[in-house]
Amino acid sequence: NAFVTPVAGAPSVTAVLISNSGVLNIENVTFKNHYSTSSGLISATAASTSTLKNTSVLHCAVVSNSAVLVYITGADAKFYIEEGTIVDGNYAGGNGGILKIYNSSQVIMNGGEIKNTTALNTNGVVSMTYGGQATFILNNGVISNNSGVYGKNNGRNAAIYVHSGSKFIMNNGRI
């Protein structure tokens, strides 16, 4: 197993940037204690494809306008969450979430768990979809025990938040 742990006082960065039709496969890796003020563990852009399998994302945090796990900014990107992936005990604040999807991109969850996340003053604890035609597809897996805490300016917390012509499709799994 590989571990990503920030050094005290070090600047926060994206652990992985995948762009312009790139392919990223992460298997049997643990990301732990990653902290970011403006970007998530994975930042994906146009037409990229990323897959997590048997991977853990534990006790990570994003503070502002991004995502703990993946922030997809480019059109037509795909992000797969497969069996054995555990996203547990994370924190999202200030318009952030576990996943943030834009511009006709997709997150496809075929297994794993997203649980025990706390989100403060955000729209969606687990999934925030913005921009035209973003899609989150839950084929299998579990989304559970997440909590949203809202501030005076934002009371729209939900496990799944769908916005601006985007879609959430649940074929199987459990929320």
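User: What makes Y91, L120 and V149 a nonpolar surface patch?

Analyst: Y91, L120 and V149 together make a nonpolar surface patch of about 230 Å². Patches are made of residues with over 30% relative accessible area and no salt bridge, with nonpolar side chains (Val, Leu, Ile, Met, Phe, Trp, Tyr) joined within 5 Å and like charges within 9 Å. Areas come from the Shrake-Rupley method with a 1.4 Å probe, and for residues only the protein chains shown count as cover. This is a predicted model, in which local features need pLDDT of at least 70 and side-chain atom pairs count only at pLDDT 80 or more, while totals for chains, interfaces and linings use all residues. Residues are numbered from 1 along each chain as its sequence is written, and side-chain values use heavy atoms, with hydrogens and water left out.

User: Why is Y91 called partly exposed?

Analyst: Its relative accessible area is 31%. Buried means under 20%, exposed over 50%, and partly exposed in between (1.4 Å probe, protein chains only), so Y91 is partly exposed.

User: How do you know that K115 forms a salt bridge with E113?

Analyst: The closest N and O atoms of K115 and E113 are 3.8 Å apart. A salt bridge is a side-chain nitrogen of Lys or Arg within 4 Å of a carboxyl oxygen of Asp or Glu, so the pair qualifies. The structure holds 1 salt bridge.

User: What makes β3 and β7 a pair?

Analyst: Strands β3 (residues 23-27) and β7 (residues 49-53) share 5 bridges in the parallel sense. Two strands pair if DSSP finds at least two bridges between them, so these two pair. E27 stands opposite K53 in β7.

Methods:
Helices (H or I, at least four residues) and strands (E, at least two) are DSSP runs, numbered from the N terminus.
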